Amino acid sequence: MVDVHHRYATVQGRQLFYREAGPADAPVLVLLHGFPTSSFMFRHLIPELADRYHVIAPDHLGFGLSDAPPVGEFDYTFDALADLTRQLLAGLGVSRYAIYVQDYGAPVGWRLALRDPDAITAVITQNGNGYEAGLVESFWEPARAYWREQTPETVGAIREAISLDTIKWQYLHGVPDPSLVSPDTWLHDHALVSRPGNDRVQLKLLLDYASNLPLYPSLHAYLRDRRPPLLAVWGENDEIFGPDGARAFADDVPDAQVRLLDGGHFLLESALDEVAELVREFLAKADLPAG
């Protein structure tokens, strides 16, 4: 049985929670979670990978068990989340690592890669978008309206994203057998994003999500120039980041592995075994350097 450690580190005066497992001298894999969850989404994947890899899964500031300072005390941006992640890894002595990104974890991971391309040994994206083609317009239209203008109407529409019903929908939509998804998932996430003041944290980050789209050309240039080993494993029924977003990675990394599975946004909840096997096979072929 793999031991999974639950730790805290102080970065920029803030407490960041992270899960860590695997041999200290093994290749490092950093798992970056999405909205509205935390490293909790990787709770079952970590033991599947930690026999061969040194796995680190932090909670972004404002999520999970990490600190969640109010917006008046911290400027929540994806640049800031990437800075915190980079400093956390540096404090742990990690200088080279593969990334596994999902949802919000993708723009954090892309910033890490663009700032220090030599640090990234491989990329796994699981419904972690990097292309306009991946944005499902029916989902993103209210967000685009909110980016253009913050009115009571646009803010109200965005607040729905952190409601219990919407978080539950994120977990269940596109899943062939919804009974496979534990209610613990959406109840856990909703409880943590419902902490006092956290609604404003989430509104601020979703407003800053607009900054990710202009970053895409730089990401694509990085992928073309560096050609990192890349696996896009995707719930093809995702109505947030559609499967065209997975296919697009092959435009810039021709030998990218693109695998579309019958599932939704949070694929690990219904297809854990399939994803874990694909990730293990991919990482074995990538022949990552030791940590």
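A: Let's start with A248, which counts as buried at 7% relative accessibility. Buried means under 20% relative accessible area, exposed over 50%, and partly exposed in between (1.4 Å probe, protein chains only). A248 is found in the loop between α10 (243-247) and α11 (249-252); helices (H or I, at least four residues) and strands (E, at least two) are DSSP runs, numbered from the N terminus. Keep in mind that this is a predicted model: local features need pLDDT of at least 70, side-chain atom pairs count only at pLDDT 80 or more, and totals for chains, interfaces and linings use all residues. Residues are numbered from 1 along each chain as its sequence is written, and side-chain values use heavy atoms, with hydrogens and water left out.

Q: What is the distance between the C-alpha atoms of A248 and R148?
A: They are separated by 26 Å, and the two residues are 100 apart along the chain.

Q: What share of the contacts with a separation of 6 or more joins residues 24 or more positions apart?
A: That share is 75% in the protein chain, where contact means heavy atoms within 4.5 Å.

Q: Why is Q170 called buried?
A: Q170 has a relative accessible area of 2%, so it falls on the buried side of the cut-off. Q170 lies in helix α6. Not counting residues up to four places away in sequence, it touches F35, P36, A161, I240, H265 and F266.

Q: What makes the peptide bond from F35 to P36 cis?
A: Its omega is near 0°. P36 sits in the loop between β3 (28-32) and α1 (45-49). Most residues other than glycine have a negative phi, and most peptide bonds are trans.

Q: Which is buried and which is exposed, N127 or D287?
A: N127 is buried, with a relative accessible area of 0%, whereas D287 counts as exposed at 62%. N127 has a positive phi of about 55° although it is not a glycine, and D287 also has a positive phi of about 55° without being a glycine. You'll find N127 in the loop between β6 (120-125) and α4, and D287 in the segment after α12 (272-286).

Q: How do you know what lines the largest pocket?
A: A pocket is an open set of points on a 1 Å grid over the protein atoms alone, with protein on both sides within 12 Å along at least five of seven lines, and lining residues have an atom within 4 Å of a point. By that test 16 residues line the largest pocket, and F35, F139, I158, A161 and L206 lie nearest its centre. The elements giving two or more residues are α4 (137-148), α5 (152-159) and α6 (164-172), and α4 gives the most, with four.

How values were computed
1 Å grid on protein atoms, 1.4 Å probe; cavity = no way out; pocket = protein on both sides within 12 Å on 5 of 7 lines; lining within 4 Å.
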